Amino acid sequence: MQGVMSVVRSCHEKLKVTILQHPQFKNTSEMNKVFARFGRVISFPVVHSKEANDIMVSESTMQQKGLENTTVADVLMIKDEEKGNSWLCCRTNDTAYDAIKKMAANNIGSLVVLRPGENQLIAGIITERDYLRKVIVQDRSSKYTRVGDIMTEQSKLITVTSDTNILQAMQLMSEHHIRHVPVIDGKVVGMISVADIVKAVVDQQTGEVKQLNQFIRGDYY
């Protein structure tokens with residue numbers, strides 16, 4: 001998780017460098033004007049802060065919102081557009097072999113585990129780590145071990161809602177040393193990972209750098 005924070009800080013520093021190294025700005029006054037224009041970007045929010053975010057924006061895309069206004073719902077929306085579904089699942093009575101096979105086929109590291117039946121009631125999640133620690137290391141047969149026997153149970157899950165800020169989600173993952181978090185709004189609506197958050201941070205900051213360069217060139221008035 002420290003690597004995630006390094007990515008965020010790196011993107012933040014690149015914004016500053018873009019301004020400081022641009023030949024158009026020959027004095028401090030001109031630089032301050034641009035820093036003021038992009039103060040929302042340059043002032044990186046502290047992840048562990050408990051203060052409510054009062055900044056409201058009208059832009060519709062994640063890049064325009066800024067990290068402090070980007071929610072888990074924004075990340076799930078992009079995952080849905082790219083993959084057609086922001087989460088995949090298995091059942092507690094499926095075999096560990098079938099679960100890990102589904103992960104490999106979809107190039108993912110976790111599955112939401114649902115209870116048997118038509119209702120999508122969450123029972124827990126299963127990850128690659130669960131499989132390694134509870135099947136491989138213990139020399140159990142993956143074809144005879146049920147998902148329900150090795151999953152992380154619902155009572156032990158760390159979850160978020162769709163309106164959780166991605167920086168808060170990042171902090172939860174860091175505090176609990178986990179890489180996958182189910183998104184629950186009464187029922188399961190998705191799953192986010194550390195990789196999803198890193199991508200959201202990079203995409204958002206790339207958009208900010210692009211806007212900054214457009215502003216410097218005079219495309220913004």
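Predicted model: local features only at pLDDT ≥ 70, side-chain atom pairs only at ≥ 80, totals over all residues.
1. Four strands make up an open sheet, arranged in the order 1-2-3-4, and the pairing is mixed. Strand 1 (89-91) and strand 4 are the edge strands, each having a single partner strand, so one side of each is left without a neighbour in the sheet.

2. Strand 2 against strand 3. Strand 2 (residues 110-114) pairs with strand 3 in the antiparallel sense, and 5 bridges connect the two. One of the residues concerned is Leu 111, whose bridge partner in strand 3 is Ile 126.

3. Strand 3 against strand 4. The bridge partner of Gly 124 in strand 4 is Glu 153, while the partner of Ile 125 in strand 4 is Thr 152.

4. Burial of strand 3. How many residues of strand 3 (residues 122-127) are buried? The count is 6 of the 6, so strand 3 is largely enclosed by the rest of the structure. As background to such a strand, the side chains of a regular strand alternate between the two faces of the sheet.

5. The hairpin of strands 5 and 6. Strand 5 (residues 180-185) and strand 6 pair in the antiparallel sense over 6 bridges. The two form a hairpin with 1 residue between them, and Gly 186 in the turn has a positive phi of about 85°. Within this pairing, Ile 184 stands opposite Val 188 in strand 6.

6. Val 188 belongs to strand 6 (residues 187-193), a strand that is mostly covered, with 5 of its 7 residues buried. Val 188 has a relative accessible area of 4% and is therefore buried, the cut-off being under 20%. Although Val 188 and Leu 114 are 74 residues apart in sequence, their C-alpha atoms are 9.4 Å apart in space.

7. The salt bridge. The count for the model comes to 1 salt bridge. The side chains concerned are those of Asp 130 and Lys 134, which meet at 3.7 Å, N to O. Where do these two residues stand relative to each other in helix 7? They are 4 residues apart, which means that about one helical turn separates them. In general terms, side chains of opposite charge can pair when their charged atoms come close. The two partners may also be described by their accessibility: Asp 130, at 8% relative accessibility, counts as buried, whereas Lys 134, at 27%, counts as partly exposed.

8. Aromatic rings. A search of the whole structure returns 0 aromatic pairs.

9. A nonpolar surface patch. Leu 132, Ile 136 and Val 137 make a nonpolar surface patch of about 300 Å². Val 137 is placed in the loop between helix 7 (128-136) and helix 8 (147-150). Its relative accessibility is 65%, so Val 137 counts as exposed.

10. His 177. A positive phi is also assigned to His 177, with a value near 55° in a residue other than glycine. His 177 is located in the loop between helix 9 (166-176) and strand 5. Is His 177 buried or exposed? With a relative accessible area of 63%, His 177 is exposed.

Definitions and conventions:
Residues numbered from 1 in each chain as written. Heavy atoms only, no water. Phe/Tyr/Trp six-rings, centres within 6.5 Å; stacked < 30°, edge-to-face > 60°. Patch = residues over 30% accessible without salt bridge, like charges linked within 9 Å, V, L, I, M, F, W, Y side chains within 5 Å. Areas by Shrake-Rupley, 256 points an atom, 1.4 Å probe, with all protein chains shown as cover. Salt bridge = Lys/Arg side-chain N within 4 Å of Asp/Glu carboxyl O. Buried < 20%, exposed > 50% of the residue type's maximum accessible area, 1.4 Å probe, protein only. Pairing = 2+ DSSP bridges.
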